[in-house]
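Hi there,

I'm passing this structure on to you, as promised. Please have a look at it below, and then read on for what turned up.

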Amino acid sequence: MESSETSVYGAALAGGSFDFMKFIKQPQTVLRILSWVFAIVVFATITAEGYVNPPDHFQVVCVFNKNDGACHYGVGIGIIAFLACVAFLMADIYLPMMSNAQERKRVVTADLVFSGAWTFLWFVCFCLLANQWANTVDTTGIATDAVHAIIAFSFFSIATWGALTYFALMKFRQGVGELTQNYAESPPDHTSEYPTSYVPPDHNSSYPTSNYPSFPPSRSDIYQQPSFMPKQEPMGGSDYQPPAY
């Protein structure tokens, strides 16, 4: 059964060697790299340019309407997305080398769930940052280009993570379909006295059994007792009586 599962969940050759050029050209790999870059831009820009020190405040405040929660949310989502892209890139490298279909299923399921969740969280991040920036009144000392880059790359992250969710869903559906088909094909019963397609012939039937394989007749089949045997008379005549002692 394991040999028939080697194509399940996107692993076309379990235990095969790693082809870097083929791997780097895959759509999922390109999307993960883009998501990785976008996440760096978002959290690094917020960390470097997302806080200002206005004259009426003793501490730095977030450039998004002085809402520190918006900056913290963007940094947190970006850092987790950055680490997840690295982890799933490594998982994509080792996925074709996994010989166990259940392990591949766990990796693909985790990819599907995380990608879907981060698509939604990036959407929330984009809406939050765009709304807070629209409500910002005092833009003195704020690098507006950096703010626009943060909002733009948050939007781009929605697209890349949404595409990753789509590819993960396609891989999951393909794996479930192939796994179900493999288990639907029941293996032959080796404990049976006869092969699965063999039915013992009926010797009492007068019709030939041409649909079934023929076997050489055994010694007992060759010898048949005559249908009529004459009754043997006792020696010496029919009026012979045994002597009485």
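This is a predicted model: local features need pLDDT of at least 70, side-chain atom pairs count only at pLDDT 80 or more; totals for chains, interfaces and linings use all residues.

First, the overall layout. The chain holds six helices and two strands, and from the N terminus on its elements follow the order α-α-β-β-α-α-α-α. Of the 245 residues in the chain, 30% are buried. Taking the contacts with a separation of 6 or more, 74% are between residues 24 or more positions apart.

The packing of H3 against H4

The crossing of H3 past H4 is left-handed.

Which residues meet where H3 and H4 touch? On the H3 side they are Ala70, Tyr73, Gly74, Ile77, Gly78, Ile80, Ala81, Ala84, Phe88 and Ala91. On the H4 side they are Val107, Ala110, Asp111, Phe114, Trp118, Leu121, Trp122, Val124, Cys125, Leu128, Leu129 and Gln132. By type, the residues of this contact between H3 and H4 divide into 18 nonpolar, three polar and one charged.

Aspartate 111 sits in helix H4 and counts as buried because its relative accessibility is 5%. Its side chain makes a polar contact of 2.6 Å with the side chain of arginine 32. Setting aside residues up to four places away in sequence, aspartate 111 touches Gln28, Arg32, Phe88 and Ala168. Phe88 is also among the H3 residues that meet H4.

Serine 115 is in helix H4 too. With a relative accessible area of 0%, serine 115 is buried.

Serine 157 in H5

Serine 157 belongs to helix H5, which spans residues 144–184. Is serine 157 buried or exposed? Its relative accessible area is 0%, so serine 157 is buried. Not counting residues up to four places away in sequence, serine 157 touches Phe38 and Trp122; Trp122 is one of the H4 residues that meet H3. Serine 157 and alanine 39 are 118 residues apart in sequence, while their C-alpha atoms are 7.5 Å apart in space.

The loops

Glutamine 59 is placed in the loop between strand S1 (51–52) and strand S2 (61–62). With a relative accessible area of 62%, glutamine 59 is exposed. Leaving out residues up to four places away in sequence, glutamine 59 touches Val52, Asn53 and Pro54.

Most residues other than glycine have a negative phi. Asparagine 65, in the loop between S2 and H3, has a positive phi of about 55° although it is not a glycine. Lysine 66 is found in the loop between S2 and H3 as well, and its phi is near 55°, again a positive value in a residue other than glycine. Asparagine 65 is partly exposed, with a relative accessible area of 32%, and lysine 66 counts as partly exposed at 43% relative accessibility.

Best wishes

Note on methods. Residues are numbered from 1 along each chain as its sequence is written. Side-chain values use heavy atoms; hydrogens and water are left out. A crossing is left-handed if the near helix is turned anticlockwise from the far one by less than a right angle, and right-handed if clockwise. Helices (H or I, at least four residues) and strands (E, at least two) are DSSP runs, numbered from the N terminus. Contact means heavy atoms within 4.5 Å. Ala, Val, Leu, Ile, Met, Phe, Trp, Tyr, Cys and Pro count as nonpolar, Asp, Glu, Lys and Arg as charged, and the others, Gly among them, as polar. Buried means under 20% relative accessible area, exposed over 50%, partly exposed in between (1.4 Å probe, protein chains only). A polar contact is a pair of N or O atoms within 3.5 Å; within protein, one must be able to donate a hydrogen and the other to accept it, and residues adjacent in sequence count only if both atoms are side-chain atoms.
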